[in-house]
Amino acid sequence: MTLNIDAILSNQRAIPRYTSYPTAPHFADQAGLAIAHERLATLPENGPVSLYLHVPYCDRLCWFCGCHTKHTLKYEPVQRYVEALVAEIALARERAGKRLRAGQVHFGGGSPSMLRLPEFDRLSTALRTSFLIDEKTEISVEIDPSDVTPETLDGLRLLGVTRASIGVQDFDEAVQKAINRPQTYGQTRDVVAELRSTGVDSLNIDALYGLPLQTLERLETTIGKVLSLGPDRIALFGYAHVPWLKKHQTMIREQDLPGTRARFDHARRAAELISAAGYDRIGIDHFAKPDDGLAKAARAGRLHRNFQGYTADPCRTLVGLGASSISFYGNAYVQNIVPTSQYETAVHAGTLPAMRGVRLTLDDQIRAFMIERLMCDFALSFSHIERRFGSAARSYIAEARLACANDRFGLSEVTGHGVTIPDEARPFARIVASRFDAYLSESWVRYSKAV
Ligand SMILES: C[S@@+](CC[C@H](N)C(=O)[O-])C[C@H]1O[C@@H](n2cnc3c(N)ncnc32)[C@H](O)[C@@H]1O
Ligand code: SF4
């Protein structure tokens, strides 16, 4: 069946990116602290756990940015924040009652690359004191290339960083001006070379489509430049324009944004170029060289989706540290306090800064599983749901048959074995996944476009 793209696009409604289920707006206020207390105390020593540390500061403010971050021209708030992070790491250790093994540590933001050597040093010491970190632990950092100085590289070396994710977005000057993000190709190329010589052996580059003033030609040029840097992975995200949530996005002129059909065509062309360069397509927005761990996990059906996007990390416990960070404890989510000042006050008072949270009911767990498999594998195997959830799976399999049969847009097909999303419909996987989201219809939340 050939898809009627225009019909699908004009019928789409705003839906979540499904980096969790239930999604963060459906966590309950105040529920987080009790969950964090209970779950941290029962984690097994050799788990392992994955750690996420959030740095909600940037020394520039890009107008497209949808992240939890604050612009600062002074470094002092960052130092104060790192003090609080160090305190939270110790509180988590105390609550766990043991030194948990960390399989992965990821620093995200904001811009963790704006940390200076003393703060890298403090965090490295705090982490190694409270968690078991060794040469097997993968340590990754998100990097804004405009931050990188020899001191940053020393800091990354000291932390033992093995992976980095570099923000590019778009190399075109007119687009960069429209999003307030000047960043030359030369500067980015130098940072890539410096990171590689520092021992960072795996690199990801983030690029965006749907940005103001982007044209097909401009995006093609950007993708060509990204490919010339030879990253192991590429994330190609659609710009989420949510000015009602992110006030600074009002600096972007709506008339400069590509229309819905242009966004789709841009995404498709960029994906074609990246695939033609030998990268495997991973999920809805990632690409990886075939020998990269993410590509191997995707081929083996072992891909997962969490707050950082797609991951090959098999660990089902993610401890989020820092303001706004989200933890996942297998069948419960907890989000930390979002405003940095309140977060700092809580940890300095000796309290875990957990705030919102949700314990997944069996219904949530089954729906989360179905949504994750559709987003990762573009398929949902009925026997897989049954193996996982036993007889409870039956009504969900019936629901899936009903929801995906006679799909008038051709986004899904039902066979005796399960649901599949045809190759051509993969960009619309979020739409298929949303059919199993029990919270969506009652949702007051406004999300961004699905494609
Ligand atoms: C925390 S930022 C990356 C690190 C660093 N601060 C930088 O900008 O280079 C993570 C990524 O989120 C993506 N991103 C940020 N705002 C977005 C938005 N509104 N829509 C889609 N992706 C967005 C960008 O591709 C960005 O590189
Ligand atoms: S895109 Fe990165 S550097 Fe720009 S404001 Fe957002 S987090 Fe900061």
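Select Ala240 and ligand 1 to start: a polar backbone atom of Ala240 sits 2.9 Å from a nitrogen atom of the ligand. That is a polar contact (a pair of N or O atoms within 3.5 Å). This is a predicted model, where local features need pLDDT of at least 70, side-chain atom pairs count only at pLDDT 80 or more, and totals for chains, interfaces and linings use all residues. Residues are numbered from 1 along each chain as its sequence is written, chains are lettered from A and ligands numbered from 1 in the order written, and side-chain values use heavy atoms, without hydrogens or water.

**Ligand 1**

An N or O atom in the side chain of Gln249 is 3.5 Å from a nitrogen atom of ligand 1. Now pick Gly167. A polar backbone atom of Gly167 lies 3.5 Å from an oxygen atom of the ligand. The protein covers 89% of the 560 Å² of accessible area that ligand 1 has on its own (Shrake-Rupley method, 1.4 Å probe).

Show the whole shell next. It holds 20 residues, and the closest are Phe64, Gln169, Arg181, Asp206 and Ala240; a shell residue has a heavy atom within 4 Å of the ligand. By type, the shell has 8 nonpolar, 8 polar and 4 charged residues, with Cys counted as nonpolar and Gly as polar.

Colour strands S6 (138–143), S7 (163–169), S8 (202–209) and S9 (233–238). Each gives two or more residues to this shell. Strands here are DSSP runs (E, at least two residues), and helices are runs of H or I with at least four.

Zoom in on Gln169, in strand S7. Its phi is near 70°, a positive value in a residue other than glycine.

**Ligand 2**

Move to ligand 2. Around it are Cys58, Arg60, Cys62, Phe64, Cys65, Gly110, Ser111, Asp144 and Arg181. This shell divides into 4 nonpolar, 2 polar and 3 charged residues.

Click Gly110. It sits in the loop between strand S4 (100–109) and helix H4 (117–130). The peptide bond from Gly109 to Gly110 is cis, with omega near 15°.

Then jump to Pro48, in the loop between helix H2 (32–41) and strand S1 (49–55). A cis peptide bond joins Gly47 to Pro48, with omega about -10°.

**The two domains**

Zoom out. Colour domain 1 (1–19 + 361–451) and domain 2 (20–359); the bounds come from an automatic or database domain assignment. Their centres, taken over C-alpha atoms, are 26 Å apart.

Finish at the interface. Here 36 residues of domain 1 are in contact with 29 of domain 2 (heavy atoms within 4.5 Å). The domains bury about 2900 Å² between them, 58% of it on carbon and sulfur atoms. Buried area is the accessible area (1.4 Å probe) that two parts lose on being put together, summed over both.

Methods:
A polar contact is a pair of N or O atoms within 3.5 Å; within protein, one must be able to donate a hydrogen and the other to accept it, and residues adjacent in sequence count only if both atoms are side-chain atoms.
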